[in-house]
Each structure stands twice: as structure tokens, then as C-alpha cells.
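Let's take a friendly walk through the aromatic rings of this model.

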Amino acid sequence: MEELLVTYPDGSHKKFSLSKGELLIGRDSDNDVVLASPAVSRRHARIYMWDSQVFIEDLGSSNGIFVQGKRINEAALVKPGVPINIGEFTLNVIYADEDETEEKPPRFYLKGRMPPFKDEIIPLEEDEIFVGRVDENHIVITHNSVSRRHSVIKIDMSQEIARISDLESSNGTFVDGNRIKDAILQNGNIIRFGDVEFEFVDTQAPKTTASKNKKTGGLKFSRNMIIVVAVVFGLLFVLVVAGSLKKRADQRRMISNVAKQEKGKESSTDEKIAEYLSKISQQVEKNDIISARRTLSELLELDPINDEGLKWKSRLEKEGQYKDLLESGDMKYSIGRLEEAKDILMKIPTDSIYYESAIQKLKDINSKLFSQTFSELLKLKRQKKYKEAYEIVPKLAKIDPSSSDLVSEMRELERIMRQKKIKFNPVDLSQYVDKGSPSTGIKKDPYSIVYPLYKDEDITRAIVLYYSGKPDNALLELSKLLKKKEYAKQKDRIEEIQLRIFKIKGKYREGQSAMLQGDVKQADAAFKEVLENDSKVVPSDPPSAFREEIERQLIEVYLKQGYQNFDKGLYEDCFSSFLSAFRINSRHPEVLKAFARLEKVAQEEYENIVLNKGDTTQVVKKLNFIKSITLPSSDIYKIADEKLRGLK
């Protein structure tokens, strides 16, 4: 009868019989096979018999079931010798007739050395086996250090060899720790694709045999041979005694020399450690975590208990977790589960290198959540369900309490309900200001933004009016201050602020007029003067109402121009338009999304270069094209630039 063998995280094993034809697997105690781990769902999977074969089915688990490194989405046949991974547990099915029906093992195969391929056997039975991150490969490794098409293993049975070649992967292919372009594999070689390791096994490799002397009972020594051996040992004894006397004579001199050498080694080691630490810091600043881990590994080989090195080890492990959170948040966002995505991304702390990326995504999420919820409010208002609409106001206030649309609709609903004598509890928006963390993308209270610049309550209140998009009210309040005796000493300062606000109003109208006429160049020039004066009146971040509106209009125009060129295949013109938007706000989510589309085009172009190598002139031309449509900070730009330098 078939059995299920479960290997637990501590290395222990337990067998479960499939005599009932079915086994339920999960975290709860009422399952047939209980796997006590947070990574396992309450009712995770079902293993069952059908037509003398064993199948496994996912019962809607959170973290899935992995067979040969790939997550299964439907019932899958379990073959003999193929491990199943559920969380940190490994499952194997033992067929009743496995010994009788066991097939002859393949000549060559790979054996996994780390999850999710730990101890998994991957036969190499095709003439060409492609390895990479996407499903088109024979061996799919879903790890971010592995390229889309990473390597190829070619089997030549006529010569009985296996040859591995790297396909211009980003993070390289390694055999026994050495990065290779092409190599013949030998039994026991450790192959690493990016950061994922396998052992290469040749089942027909010659084995080291014991000496034949064991079978023959040893050599029979003749009398002459015994004499020779005795003489040799006598000479060795004389030499050892002589060496001992010389050693004593040199011992004092050696002690002083060793002390000097040790001091020199210590100094050299300290310099090397300092070099490694500096390199790790630079790699982390560039978000190159993979390279930082490799450098850290070299440092800890040199000094395993180095304090700074151990601190970096802890931080890089945490950054790996934060990267997983960012990717998980992105995934939830892509399928429209915005609230879940928001909860996940807010777990990324401010000191993480992924914090800025999380902020940008959170701003986009808050914008979408606000838009969806605001639409719900307007729908209820149109249905004349005023009280129900008003009950949505707190939800919107939690997302963005400073929204002018929210304030306007809230006041309108309050006016209607008072007229119709509908009872309601007024919402105080001020209680929601500053409630959110910086990562939520919610604006701070305008007063707290402006006050540090002026440190005067009356002037601050006037400037807050300008900051909120009411320049005429601000000018009126400033004129009132000029009439007060206590502000006589600040007259020049207040008049300078008034002059700048007048300029801002004039240039803003000029820019708006140019936009209406379709003259983007003239509008851009006028708006630049607005922003220059705006930065002298209020801080530029968070942006004032003027700055925010100008940035919105210009970014919208430049992105529209860019996408029109993108659709026509004019990618370099597209890049130029996107770059104009980038210079206005380099962290705007829509701008970053636009460059991501161009990077995808560049990535596809590079893959075409790798798969269809032409002459050097054509390759250089295509690499220059990739650089012309991507930002220097992007990975694909760096890859193309490095390749070009290599060709030169």
C-alpha cells in the first residue's frame, strides 16, 4: 500500500498510510496529517488515490504547494522520488511497487541544495536543457537572482559529456565557485545559477576503489627489503635529531620575526576589512543587495566575528524580508486588493532601502482608495441618501483630510441635512490631520509646514492661505499686518512676500493661458517662474496648491506626449517627454510607471541581442539604443553600458 513520508524541519520522519485512499493535510488537529506551522493553512491540501496513482490538490491555502519548485494551481500527479514542499515540510509518496517498477536512473541529473529544490532530483534527459526564471525554460527557478533565460545545459551522449553555458545572465553561472561562460561538468560539481545552488551528478562516473592489497592479504616482505627499510629509518632518525638541534638554535630569532609578521598581517587584515565594509555600504546605497551579500560573505570568511560585519548580516537579512514585503504589496496591488497591499507596505520601516519605493506605491494606493470611496459618496448623494453619504466622510478623512474635494462635499452635505432637518454628528477633520505616518502619503497640517519658516503666528496664518490656494486672501491679511505698529520692523519682509505672490498670480495666469492655446513650451517657462517664487514663499515639499497644480498639469501633458510617441514606436521621443515629467517630480508614481514601460522595451531588446547575436556593429547600435531610452539609474541601462565597455 502506498505511503506518505513526511520530513519535518528538525530532520525527523513519519509515515502515513494511504489505505483509506485520501489524506487531509493542514495546521488544524482534525487533519490526517498535522503540520504545525504558521506557513501551513488550517486545511491546506489533500492527497488522494485515483487509478493506482497518487495526486495532490491545493485546498485554497495561503502559501501554496510546490512540486519541482513550481506552485501548483490544480490537482497534480505525484511521481516517485519527486518531493513536495509545503512550508518548511517535505513530503514524498512511496509507491507499493516502487522497488519492482523503479526505472533506471538517468545518466545525468541535478540535485537541489536549497529550498524549494532541497534534495530534489531533476533529470537531464533532453539534448538541450534551458534554465531560467520564466515558464518557457525546462528548469524554472523563480528567484530574483536568476535571469529570464539564464543558462543552457547540453547533453552529448555520443561523447558522454554534459556542457553548461551561461546565456549572458545578469548574476552569472558558477561552477565550484568560479564564474563561467562555458564548462564541461564533472560528477560532484556545485552549480550556482545566481544565488541558487545544485549538485551535478553523473551516475556512471568512475568510483574510487580500495586498494587491491586488501583482497590479496597484503605484501610479503623479503629479508633484503626489511634491511633496506631499517637503514632508511636510521637515516631519518639522524636527520630529525640534526633538525631539532638547528631548530633550537634558530628559535629565538624566529620568535621576533613571527611577532613582526603577525603585526604586519593584523594591519593588512584591518585594511581589507575596512575595504569590504566600504564596498558593502556603497552596494547597499545602490540597492544591489545580491552583490552586498557576496562581499559580506568574503568579509566574514576573513573575520567571522567582526562586529560591523555581523551588523550588516542582520541588516541584509531584514532587507531581504522588506523586499519580500514590497513584492507582496505590489502583487496585492496588481490584483486590486488595495487595503491588503497598504497594510503590507506600511510594515516597511523608514530606514529600509525599500522605504522610498513603498512610499510611492502607498501614495498611488491612497489616491485610488480615495477615488473609489469618494465615488461611493457621490453615488449616495445622487440617490439623496445624504446621511449615508456623510458617514463615508471619516473614511475619506483617514486617507486625505486636507482634500479640497472632501471639504467641499462635506460642507455641502451638512448644509443639505440642516435644511432638511436630518440629524447628524458633525465630523471634525482636524482630528484626522497628522494621524497618518509619513509612509501613507497624507499631507501634514499646512500651519506646521509654514510656521518654521516665519516663526510668527499672524504671518504664518496669512501664508497658509496662500499655501492652500487662496493668494488674494493671503494678500489681504498681509496688508492688514502692514497697518499694525508691531510689524513696522518687518515691513520690508512682508512687502517682498506680497510682491512674490503678485508675480506668482500673474505668471500662473500666463501659463494657464499658454496651456489653453496648446503652447507647452511657453507654459513651461511661465510656470518655472511661478515655482521659483513659490519656493521663496513656502517650502517646496510638501508642495503648495500652486506647485501641486502646476506639476499635475505639466506631468499630465508630458506623459500624454510620451505615450503618443510610445504607441507609434518612437521610443527615443517618448523618453524625452517622460524625462521632462521626471525633472518636475522624480518620485511621481505615474512617471515611474511610464519609465517602467520603456525599461520593459529595453529588456526585450537586450534579450533579442542575446538570443540572436549579430555582428558587433549591430550589437553596439542596439546597446546604444537601450541606453537612449532608459534612465542611468536603471538596471538595464547599467547592463547595456557594461556590455558596451566590454566590446570597446
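Phe546 has a relative accessibility of 9%, so this residue counts as buried. Keep in mind as you look that the model is predicted. Tyr508 is buried too, with a relative accessible area of 17%, a value that falls under the 20% cut-off.

How many aromatic pairs are there in the model? The count comes to 16. Tyr508 and Phe546 form one of these pairs, with 5.1 Å from centre to centre and 85° between the planes, an edge-to-face arrangement. Tyr508 belongs to helix 14 (residues 491-516) and Phe546 to helix 16 (residues 545-568), so their contact ties together parts that are 38 residues apart in sequence.

Now turn to Phe578, which counts as buried at 0% relative accessibility, and to Phe595, which counts as buried at 3%. Their ring centres are 5.9 Å apart and their planes meet at 70°, so this pair is edge-to-face. Phe578 lies in helix 17 (residues 571-584), while Phe595 lies in helix 18 (residues 589-611), so the pair links parts 17 residues apart in sequence.

The charged end of Arg149 sits over the ring of Phe130, 4.4 Å from the ring centre. Arg192 lies over the face of Phe174, at 4.0 Å from the centre of that ring.

Note on methods
Residues numbered from 1 in each chain as written. Predicted model: local features only at pLDDT ≥ 70, side-chain atom pairs only at ≥ 80, totals over all residues. Heavy atoms only, no water. Phe/Tyr/Trp six-rings, centres within 6.5 Å; stacked < 30°, edge-to-face > 60°. Helix = DSSP H or I, 4+ residues; strand = E, 2+ residues; numbered from the N terminus. Buried < 20%, exposed > 50% of the residue type's maximum accessible area, 1.4 Å probe, protein only. Lys NZ or Arg CZ within 6 Å of the ring centre and 35° of its normal.
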